[in-house]
Each structure stands twice: as structure tokens, then as C-alpha cells.
Amino acid sequence: MTDRHDSVILHFVVRVFMVPFIVMFGAYVFIHGELSPGGGFQAGAIVASAFVLARLTLGTEHASPRFPTRYLIWLASFGVGIYVIAGMVPMFYGANYLDYNSLPTAWFNDIAEHHRTARAMGIFIVEVGVFIGVFSVLVIMYDYLTLRFREGEDD
Amino acid sequence: MIWQLELALFVMLIVVAIIALEVDDLVAALAALTAYSFIAAALLAMMSAVDVALTEASLGAGITGVLLIGGISLMRRRSVD
């Protein structure tokens, strides 16, 4: 639980310039992760650094009403669950764990009218899971780190 | 690959690491540590390991610096050693 700083310039720069552009850059790294360097892990770390920056300057109770820690724990479990389900579904079709070639993605290609191989689709699903998991766990790490030290000071 | 630039980056890497170990102000040490991570990321990008360089720049220079600033803001700023 970090306190809120007093500087108006700091609040303006962080809220208007830094956090939106860091989140935008994280989304770019995430979406282009298949073709260029990047991917779920790096994008999750970048977006988590934006959220931690907001908590550090604006104060935890002002910056975290939409992503409080108790929701982020569910979100981290959800990210790991996406990864595990994407690995388990091929096992029901007779393939190995995380064998994306046998993922049933024909229905998605019919809906989107866009051909995408089952392997690329499986990698993308795993990237989504890794992104959500890394982002949530890094913000949870910051929250619990500051919470424990603040409680130790109050004693 | 330009070997003069690589040599300069390696020398800067060692100098910045020694600064991060020796300085008393913890925020200055953290800034030197972030610069160390960024120079290491530049060296990795010069070795055409761009994916590793992006990980080093986002984790070493990004989230580690922010987390350590959060840690420093909860304690005294100067080290006593």
C-alpha cells in the first residue's frame, strides 16, 4: 500500500503520457509477438510495469479500484487455466499434451473467414494465457511486497 | 558488428556495475543498475538475440527498477555500510 504523492506535475505526466503509452506499447509487443521479437511474457511485464507505476505515484487506493489484488489473484489463476486448457484439449483428441496440431479450430476459421493453422492458433491461445498470468502475478507481487512492509512499520 | 562500439559498451557495463555497488545513495545505485540492464540489453541486441534483449529491457530495466523504487520508498534512502 503506497501513499499518494503530492506533485501535480507527476500525476499529470504519469496519467496522461506514461501509462497509456506503456500499455499501448505492451499491446503492440503482444500482438506482433508472432512475427517480431516479443510475446506474451514480455508484453505482460511491460503492461504490469505500467500498472505498478500508476500504483507507485498515484497511491494504491487511488490507482487500483478497477484491478484490486483480490481480482488479480483470480485473473492469474485464469491465465494459468487458459494455458492448461489449451494443453489438455488435444489430449481428448488423442494427441500429446500441448500438441496444437489437433486443436479443433475449423469452426473459428469458418466464422472469421480467415485461414489460420491449428498450430498458430494454439500458440496464440498459450500467449494469451501467459500474458494474463505474467501481468497479474507481477502486479500481485508489488501489492503484497508493499503491504507486508507497511504492516511491519505500523507495529 | 562494430567492435569499437561493443568494446565501449562492455567498458561502460563494468563501470556502471562498479558504481551500482559502491554508491551510498540507494536511488543512485538503482539508476546505475537500470543503466546496467539497458547496456546489457543493447549488447544482446548487437549479438542479434533480439528476443532476449527485449526481455532484458522490459524486465531488467522496467519492472525491476519500478519494484525496487517501491521498496526504497518504504525505507531509508541511504545505506549504512
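Modeller: Let us start with a definition: two residues are in contact if their C-beta atoms, placed from the backbone, lie within 7 Å. Please note that this is a predicted model.

Colleague: Which residues of α2(B) and α3(B) meet?

Modeller: On the side of α2(B), they are B:Leu26, B:Val27, B:Leu30, B:Thr34, B:Ser37, B:Phe38, B:Ala40, B:Ala41, B:Leu44 and B:Ala45. Those of α3(B) include B:Val50, B:Ala53, B:Glu56, B:Gly60, B:Leu68 and B:Ile72. By class, this contact has 16 nonpolar, 4 polar and 1 charged residues.

Colleague: How does one describe the packing of two helices?

Modeller: Two values are used, namely the angle between the axes and the distance between them. In chain B, helix α2 (residues 26-46) and helix α3 (residues 50-72) pack at an angle of about 175°, and their axes are 7 Å apart.

Colleague: Are α2(B) and α3(B) roughly parallel or roughly antiparallel?

Modeller: Angles over 145 degrees count as roughly antiparallel. α2(B) and α3(B) are therefore roughly antiparallel to each other.

Colleague: At what angle do the axes of α1 and α2 of chain A cross?

Modeller: The axes of α1(A), residues 8-31, and α2(A) cross at roughly 170° and come within 8 Å. These two helices are therefore roughly antiparallel to each other. Among the residues that meet, α1(A) supplies A:Leu10, A:Val14, A:Ile22 and A:Phe30, and α2(A) supplies A:Gly40, A:Ile46, A:Leu53 and A:Leu58. The residues of this contact divide into 16 nonpolar, 6 polar and no charged.

Colleague: What is the overall make-up of chain B?

Modeller: Chain B has 3 helices and 0 strands, and its pattern along the sequence is α-α-α. The C-alpha trace of chain B spans about 45 × 25 × 10 Å along its principal axes. Of the 81 residues in chain B, 25% are buried. Among contacts in chain B between residues at least 6 apart in sequence, 47% join residues at least 24 apart.

Colleague: How many residues of chain A are in contact with chain B?

Modeller: There are 18 residues of chain A in contact with 15 residues of chain B. On the chain A side, the elements that give two or more residues are α2 (40-58) and α6 (118-154). α2(A) gives the most, with 9 residues. By class, the chain A side divides into 12 nonpolar, 5 polar and 1 charged.

Notes
Residues numbered from 1 in each chain as written. Chains lettered and ligands numbered in written order. Predicted model: local features only at pLDDT ≥ 70, side-chain atom pairs only at ≥ 80, totals over all residues. Helix = DSSP H or I, 4+ residues; strand = E, 2+ residues; numbered from the N terminus. Nonpolar A, V, L, I, M, F, W, Y, C, P; charged D, E, K, R; others polar. Buried ≥ 20, exposed ≤ 12 C-beta atoms within 10 Å, placed from the backbone. Axes fitted to C-alpha atoms, helices over the stretch in contact; angles between N-to-C directions. Parallel < 35°, antiparallel > 145°, perpendicular 65-115°, else oblique.
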